[in-house]
Amino acid sequence: MVEQSTEPHVNLALGLRAVPGGYAVLLGAGASVSAGMLSAWGVQCDLIRQIASIEGVEIPDGDDGPYDWYVKRFEREPAYDTLLADLARTIGGRQVLLRSYFEPDETEREQGIKQPADAHRALARLVADGYIRVIITLNFDHLVEDALREAGLRPTIIRRPSDLAGMIPLHAQRQGVVIHLHGDYLDPDSMRNTPEELKEYEQEVDKLLDQVLDEYGLIIAGWSAKYDPALANALRRCPTRRFDTYWADPYPLSTTATELLEQRQGTYVPADADRFLTRTADAVTALAERNRANPQNIATAIATAKRELRSDGPAINLHDTLRREAARLADHPLRTTTADIPQPELEADHERRLTAWEAETETLAALAAVTAYWGTDTTDRYWFADVERLATVTWGTGQRALNDLRRAPATLLLHSAGTAAVAAERWPLAARLLTGPRAQDIMSRVDMPAAALLGPETILGLRTSAARVHRYLKPIFTGHVVANESAFTEAWEHFEYLRLLIQEDAGKYISSPHLLVSGTRGDYRPLASHWLDRELASGDQHPLLLAGFLGGDLDRVTRTQKTVDSRISEWVDQIDWSTSRVINRYGPFYPDELN
């Protein structure tokens, strides 16, 4: 076994961050103990006790007592199919009998028994964020899939070998795959627990195990390795160790477990599943937040991109990085995770998803800003189509706010690239960004400019959404793309005002923009509106109009501009009246900070 200088959950978190989806999880009975579940052995012993009770026999205490009595009485090993047949004559009766062991009654539900424990919910977080895709459970219960569904995921469930036929490849399981290696209580014929049943697996099961043990790192929790020779043999015959192995158990490992862990040169973790998996999930979140907060990461990425853009040849590495990041975001589990979340959990889940999107999108947003500012028509193609790609999502049932949030990467990308294009006065690019990419309105199902649908207030769903996007982009731009914060704010205001014109022209409601306004009650106006007046003073020959902004029609721009200014003035007036005070300010201010 490997000795490590840092704590195992930190090392594992670093591995998960480095290779998302590169680890599989193996859960034994110990992972369900804290949820109040009996082990498979415990359920079998209780069934035997019921049979003995019918025969008027009292079995002595002890773990092996029921098993020994059954073998002596019936001269065969107990198996679930025969035990259930002895106690219930119909399939429905057998399922009801098993449900009593694995599904909570009303009292147990109130006490939190037979429901996902910390370990299962930690796994659900890791699956939802794309770090884990494959979970092998030796338990008959549904605690893993229940936790995944609570997190809004729709996992693939494998209950018996025949389910493997036609299964989506493991690397494509964005919602997670749960493999019940020993069966599922809803399918009694699939359940295996006796020494004879666990001696060997079907050929297709061994093939799957060989693939997982060869290609993935392994996180083991709650498995003693004492009673499952087929699984132990699968580990023994795997010669490769592409990634690390971690084996969590609060008690000293068995001789077999120690042998297997040493073969894989893995790490023993003296902790139960709840503690180890929760700490690992927390460490992954902390690392993501630290990387998000570390400006050096962005500075390095931007410096590398600038160097490539200055070179004479094609910026191949920049192209590949942008394509890779966009593809990763397009396939991210949060894009397809169900939005069917209980109302009491909605706010916390919304914030978790939004924070995850901000961290996951940062590299793409930063590199797109650099490329939009210093790039050309050629390098614009590295990222431009991804605005429409990321704005195109499949709408599911559930909470509207979470469905809208699936477009968060598109909103962040649009505003990053658009702000950079305006800062560089690349007006044709700015116009193409505002009018070219298309998306479908969730309510009307009508296609329109994506810029009209990607407003922060629509996608992020917060009262201060636009201010949040502004704060998000500021460290990316300041000192890296533009000279200072003032230059960034000016570029942000100009692009966002142009985007609001597109939004108004498309008939979409405007609320809570993060724009500086000035004036008095009844006559507030964004500073960006005055800027646009100056830009278009020369008429319809401005590059923005020549590039097709609002059809290149100056009258259309002017009409839309007046409507937007009027709506913003009305909005500020509402804030003024609702707060029972007179703002009466002549200097510029952000009204969304007063709301």
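About 30 Å³ of space lies in the largest cavity of this predicted model, and the structure holds one cavity of 30 Å³ or more. The lining of the largest cavity is formed by Leu26, Ile136, Leu209, Leu213, Leu218 and Leu231, a set that divides into six nonpolar residues, with no polar and no charged ones.

The strands of the model include an open sheet of seven, arranged in the order β3-β4-β2-β1-β5-β6-β7 with parallel pairing. Its edge strands are β3 and β7 (267–269), each of which pairs on one side only, and neighbouring strands of the sheet are turned by 15° against each other on average, direction ignored. Within this arrangement, β1 pairs with β5 (residues 217–221) in the parallel sense over five bridges, and the bridge partner of Leu27 in β5 is Ala221. Helix α8 packs on the sheet, where it touches β1 and β2, and the direction of α8 makes about 145° with that of β2.

Two further helices contribute buried residues. In helix α9 (residues 143–150), the buried positions are Leu143, Val144, Glu145, Ala147 and Leu148, and the elements covering them include the strands β1 (23–27), β2 (132–137), β3 (156–158) and β4 (177–180), together with the helices α2 (30–33) and α8 (118–128). Helix α9 is followed by Gly152, whose phi is positive, near 85°. In helix α11 (residues 229–236), Ala230, Leu231, Ala232, Ala234 and Leu235 are buried, and the buried residues of α11 pack against β1, β5, α10 (203–215) and α12 (255–263).

The largest pocket has a volume of about 1,200 Å³ and is lined by 49 residues, of which Ala29, Ser39, Gly222, Ser224 and Tyr227 lie nearest its centre. At least two residues of this lining are supplied by each of α2, α3 (40–54), α4 (65–74) and α13 (273–293), and by class the lining comprises 26 nonpolar, 13 polar and 10 charged residues.

The second largest pocket holds about 630 Å³ of space and is lined by 25 residues, with Arg17, Glu325, Arg328, Ala359 and Glu360 lying nearest its centre. Here α1 (8–18), α13, α14 (295–310), α15 (316–330) and α17 (343–374) each supply at least two lining residues, and the lining of this second pocket has nine nonpolar, five polar and 11 charged residues.

Terms used. Residues numbered from 1 in each chain as written. Predicted model: local features only at pLDDT ≥ 70, side-chain atom pairs only at ≥ 80, totals over all residues. Heavy atoms only, no water. Buried < 20%, exposed > 50% of the residue type's maximum accessible area, 1.4 Å probe, protein only. Helix = DSSP H or I, 4+ residues; strand = E, 2+ residues; numbered from the N terminus. Contact = heavy atoms within 4.5 Å. 1 Å grid on protein atoms, 1.4 Å probe; cavity = no way out; pocket = protein on both sides within 12 Å on 5 of 7 lines; lining within 4 Å. Points joined across faces, edges and corners; volume = space filled by probe spheres on them. Nonpolar A, V, L, I, M, F, W, Y, C, P; charged D, E, K, R; others polar. Pairing = 2+ DSSP bridges. Axes fitted to C-alpha atoms, helices over the stretch in contact; angles between N-to-C directions.
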